[in-house]
Amino acid sequence: MTELVSGLLIWLVRLLLGARADWRGCAPNSERRIYFANHSSHFDTLAVMAALPPPVRRLTRPAAAQDYWGASPARRFIAERCLRAVLIDRAPPAGTDPLAPLQRALEGGCSILIFPEGTRGDGEAIARFRSGIFQLSQRFPDVDLVPVYLDNLQRILPKGSFLIVPITCTARFGAPLRAAPGEERGAFLERARAAVLQLAEPGSAR
Amino acid sequence: MTQQLIYVLAGIAALLVIASATGVVLERRASEPRARETVHNLNARIRAWWVMIVVLGGAIVLGETTTIILFTLLSFMALREFWTLTPSRRGDHVALFLSFFVVLPLHYLLLGVGRYGLFSIFIPVYAFLILPAVTTLAGDTSEFLARSAKVQWGLMLTVYAVSHAPALLLLETGGPAALLLVYLIVVVQLSDVFQYVWGKLLGRRLLAPGISPSKTVEGLVGGALSAILVGTLLHGLTPFTPLQAAAISAVIVVAGFFGGFVLSAIKRDLKAKDWGYLIEGHGGVLDRIDSLTFAAPLFFHMTRYWFAA
C-alpha cells in the first residue's frame, strides 16, 4: 500500500513538475550524504525525492517540519510512511536536541535531505542558513554535504497562492563540501549557502 | 477515413523503414567518435519520428476530435516549455495560471465547436487585454511591458499559431480536410529533415552562427528545393494544381525556416540549447514544432481564402 502510494506520488510529481535531476558537481551514488536545498514551496521535498534515482531515493530520508507534516493524518501518512520523512520540531522545548532524529537516521546508514533556511522563502532570495547543518557537519565529519538548488519551484506554487502553474522544475546537485577543521560556524553557513546560490546562476545552465 | 490517407501514412512508414535500415548500416560503419555521435543522434531522431508518426497518424485517423485534443496537449507542453525557460515574476502568477488552464482550453474549445470568428480573435484581442489587466492587480510594475509581452508571445506562438494546423480540419475544400493537415506537416517536417541532411552532406557556409550553430546556406537551399519538390509531387492530396502546390510549398518552407529561426533566437536569448528534454535527439516539443508555428497560420489562410468554399 505505502509502496504503491509513494510510487504514484513520485510518478505524479514527475508528470506535473518534471523534477529533472541535473548532476552538476557530483554523480548520484548510494553513499551516505547530507543533501541540503533551498526552500520555496510545499513541493520541494517531493521534487528532490522524485529527482533522485530510485536506489538513492530508497536510502534518503527528508527532514520535514512536524508542525506542518504532522498536522493531519493524511499529511502524516505521506510524510512518515510514503517518504519516510524525519519529522523535526521547529520549536523544540529547552534542553532537547532537535537534531537527534536526523542523527539517528544518519547513524542508521541513511542519507538525509534538509532545508537549512528552515522555512519557505519567497523564491527571489535564499535566506540565511540556520545552524543545524553546521552541527550535523561537526557530528558527521566524514559525510559529504551536497548542495541542491531547486529551480522554478517558487514559480509553480509560490507562497501565498493556491494556483499551480505547470512549468517544470529542475533539481541541480552541486559539488559536495565538508566543514574544514576549525571552521567558524558563520563562515561555514555562508559557504554552504553560497554553494546553493552558485547553482542558481542561469549562465551555467545547460 | 479515406484511401489516400492510408496510402500517405503507409508511404511515410515505408520511408521510416528505409531510414531505420540506413541508420543500422551507418551505425556499423561509423568508427570515429564524432561520426558515431552524429549517427547516434540520427538514430535517436529516427526513433522519435516513429513515435511521432504513430501518435499523430493515429490521432488523424481516429478523427477530428482526437486530432484537436492531440494539438491541445502539444500546445500545453509547448507552453510549459516556453515558461520553464522564460523568466517570470511573482506578479505574473495568475496570468500564467489563466494562460494554461483557461485561455488554452477555451481557444481549442472554440476550434472544436467550429466558432471560427471567435477562435481567430480570442487570443489576439481578449487574452491580450485581459491578462495584463489581471496582472496589474498584483501591483508589481517592474518590467511590466516586457512581462506582458512575454505572456502574449507565449500564447501566440505555442497556442494560437500552432492551433492553425488542426484548424485546417474546419475547411471545406471539396476533399478530405485531414489530408490538408497531413500535407502541411509532411512538407514542413520534410523541409527540416532535408535541411538537416543536406547540411550534413554539403554544408560549408554557416548561415547565422549567432542564432543557429548548425544551419548552413547549402542545407537551406538543398532542403528548401527538396521540400518544394515533394510538396509539388503531393499536390494530389490537396485542391491545388501542381504549380499552385509548388508556390504554396515554397511559402510553407520559407515560413517554416523563419519559425525555426525565430524560436532559436529566443532560445539563445534565454541561454538554452533546447526547449526541453521530452524527445530524445529532438529536445522538447517546441523544438519539433517551431517551424509549424509560422507555417501553419500562413498555410491555413492561403487555403481558406483561395480554396475553401
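Is B:D274 buried, partly exposed or exposed? At 27% relative accessibility, B:D274 counts as partly exposed. With that as a way in, here are some notes on this predicted model.

1. Let us stay with B:D274 for a moment. Its salt-bridge partner is B:K273, and the closest N and O atoms are 3.2 Å apart. B:K273 has a relative accessible area of 56%, so this lysine is exposed. Elsewhere in chain B, salt bridges with shared partners link B:R89, B:D92, B:D140 and B:R147 in one network.

2. The pair B:D287 and B:K267 also deserves a look. Their closest N and O atoms are 2.7 Å apart, in a salt bridge. B:D287 sits in helix 10 (residues 285-307) of chain B and B:K267 in helix 9 of chain B, so the bridge ties together parts that are 20 residues apart in sequence. Both B:D287 and B:K267 are buried.

3. Next come B:E218 and B:R205, whose side chains form a salt bridge with an N to O distance of 3.3 Å. The glutamate belongs to helix 8 of chain B, while B:R205 lies in the loop between helix 7 (177-202) and helix 8, so parts 13 residues apart in sequence are tied together. B:R205, at 57%, counts as exposed. Over all chains, the count of salt bridges comes to 15.

4. I would also point you to B:T238, in the loop between helix 8 (217-233) and helix 9 (242-269) of chain B. Its relative accessibility is 11%, so B:T238 counts as buried. The side chain of B:T238 reaches the backbone oxygen of B:H235 at 2.7 Å. A polar atom of that B:T238 side chain also lies 3.1 Å from the backbone nitrogen of B:F240. Leaving aside residues up to four places away in sequence, B:T238 touches B:L180 and B:Y183.

5. A word on the record for chain B. An unreviewed UniProt entry carries the annotation "transmembrane region" for residues 6-26, 46-62, 93-110, 116-139, 151-171, 177-198 and 243-266 of chain B. How do two of these ranges look in the model? Residues 46-62 of chain B are 100% helix and 0% strand, with the end C-alpha atoms 24 Å apart. Residues 177-198 of chain B are likewise 100% helix and 0% strand, and there the end C-alpha atoms are 32 Å apart.

6. Now to the interface of chain A and chain B. The size of an interface is often given as the accessible area lost when the parts come together. Here the area buried between chain A and chain B is about 1600 Å², and carbon and sulfur atoms give 55% of it. Chain A brings 20 residues to the contact and chain B 18 residues. How many salt bridges cross the interface of chain A and chain B? The answer is zero, but eight residue pairs are in polar contact across it, both residues being at pLDDT 80 or more.

7. Finally, the side of chain A that touches chain B. Helix 1 (2-17) and helix 8 (153-156) of chain A are the elements that give two or more residues to this side. Helix 1 of chain A supplies the largest share, three residues. By residue class, this side of chain A divides into 11 nonpolar, five polar and four charged residues.

Notes:
Residues are numbered from 1 along each chain as its sequence is written. Chains are lettered from A and ligands numbered from 1 in the order in which they are written. This is a predicted model: local features need pLDDT of at least 70, side-chain atom pairs count only at pLDDT 80 or more; totals for chains, interfaces and linings use all residues. Side-chain values use heavy atoms; hydrogens and water are left out. Helices (H or I, at least four residues) and strands (E, at least two) are DSSP runs, numbered from the N terminus. Buried means under 20% relative accessible area, exposed over 50%, partly exposed in between (1.4 Å probe, protein chains only). A polar contact is a pair of N or O atoms within 3.5 Å; within protein, one must be able to donate a hydrogen and the other to accept it, and residues adjacent in sequence count only if both atoms are side-chain atoms. Contact means heavy atoms within 4.5 Å. UniProt positions are given in the numbering used here, feature names are shortened, and annotations may be inferred rather than shown by experiment. A salt bridge is a side-chain nitrogen of Lys or Arg within 4 Å of a carboxyl oxygen of Asp or Glu. Buried area is the accessible area (1.4 Å probe) that two parts lose on being put together, summed over both. Ala, Val, Leu, Ile, Met, Phe, Trp, Tyr, Cys and Pro count as nonpolar, Asp, Glu, Lys and Arg as charged, and the others, Gly among them, as polar.
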